[in-house]
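User: Hi! Could you walk me through how the helices pack in this one?
Analyst: Happy to, here it is.

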Amino acid sequence: MVIKNPLAKMFVWIILLIWSVAVLYPLVWTLLDALKNNEQFFLNAPWALPKYPLLWSNFSYVWSKYNFSTYFMNSIVVTVGSTLLGMILAAMTAYILARYDFKGNKILFTIYVSSMMIPFALALIPLFFLLNDLHLINTWLGLILVYAALNLPFGIFLLVGFYKSLPKEIEEAAIIDGTSHYGTFFRVMLPLSQPGLITVMITNMLNNWNEYFLGVVLTNEPTKYTLPIGLAVMQAEMQYRVEWGPLFAGLLITTLPTLIVYIIYQRQIASGITAGAVK
């Protein structure tokens, strides 16, 4: 929609400017506080600008002293592994549900969608004992499987609508040319579903990177902690003397990767959700 009225256009720009300031201010404030020492927090207002010299060393201090290098690597492995696994499983399942008519198709889809309404906390205890019996507690594989399974219903829900929107003629032409059902999916349909896959990938990545509760329950070894758990452990280790600068630096290290990914792929996320909503 194109706004032609100058007053309406100015009003929209003002609203967008206010919204941008509201979104960016916490990030800028976190960065500025990450460059301070405790003296600046206690003697000056917490929202005051940092004094020279800026303490960029807070980032290296957190990275080494509080093992953020280990936590960061754990988050990378778990997030990438669970995101790729969940995306592949969601794409294959959604393709079958959307393009093949078989008995129980709608019931199966309803079960997948309905599972999004079930709080995962209800399955926490049996899930813990199951992973313990499989010797997957305190392992990357255990977290990867759990995170992928939790994100599977949303991925299926989004991709089913996307696959239904693709013309059947494309699939039929590939089969007439002698392509197998597997080849049709991996060589034709999967590349065409790129906008939907990117949306699923980014959504899963954000969820997996920021997940805290399951990580605490399924890991109890510091060498297997992810960044959200490491940030909580860091705050607990400070006890009665909180090092505010390093704490904000650790928070920024935890937040920055997801922010960068979202900025890069924000257009693909919006287009993927829109495409999946059209049948």
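User: Where do α9 and α10 sit relative to each other?
Analyst: The axes of helix α9 (residues 181-192) and helix α10 (residues 194-210) cross at roughly 70° and come within 5 Å. Axes are lines fitted to C-alpha atoms, for helices over the stretch in contact, with angles from 0 to 180 degrees between N-to-C directions. α9 and α10 are therefore roughly perpendicular to each other (65 to 115 degrees; under 35 is roughly parallel, over 145 roughly antiparallel, the rest oblique). Helices are DSSP runs (H or I, at least four residues), numbered from the N terminus.

User: Before we go on, what kind of model is this?
Analyst: This is a predicted model: local features need pLDDT of at least 70, side-chain atom pairs count only at pLDDT 80 or more, and totals for chains, interfaces and linings use all residues. Residues are numbered from 1 along each chain as its sequence is written, and side-chain values use heavy atoms, leaving out hydrogens and water.

User: Thanks! Which residues of α9 and α10 meet?
Analyst: From α9, L190, P191 and L192 meet Q194, P195 and L197 of α10, where contact means heavy atoms within 4.5 Å. By class, that contact has 5 nonpolar, 1 polar and no charged residues (Ala, Val, Leu, Ile, Met, Phe, Trp, Tyr, Cys and Pro count as nonpolar, Asp, Glu, Lys and Arg as charged, and the others, Gly among them, as polar).

User: New topic: which residues touch the most other members of the largest nonpolar core?
Analyst: Of its 23 residues, those are A91, I156, L159, V160, Y163, F185 and M189. α4 (68-99), α7 (140-165), α9 and α10 each give two or more residues to this core. A nonpolar core is a set of buried Ala, Val, Leu, Ile, Met, Phe, Trp, Tyr and Cys residues joined through side-chain atoms within 4.5 Å, and buried means under 20% relative accessible area (1.4 Å probe, protein chains only).

User: And what does F185 touch?
Analyst: Not counting residues up to four places away in sequence, F185 touches A91, M92, Y95, Y163, L190 and P191.

User: How do α5 and α7 cross?
Analyst: Their axes come within 8 Å and cross at roughly 130°, which makes α5 oblique to α7. F109, Y112 and V113 of α5 contact L152, P153, I156, F157 and V160 of α7. That contact has 8 nonpolar, no polar and no charged residues.

User: Last one: what about α4 and α5?
Analyst: The axes of α4 and helix α5 (residues 105-114) come within 9 Å and cross at roughly 140°, so α4 and α5 are oblique to each other. T93, I96 and L97 of α4 meet N105, L108, F109 and Y112 of α5.

Methods: Buried < 20%, exposed > 50% of the residue type's maximum accessible area, 1.4 Å probe, protein only.
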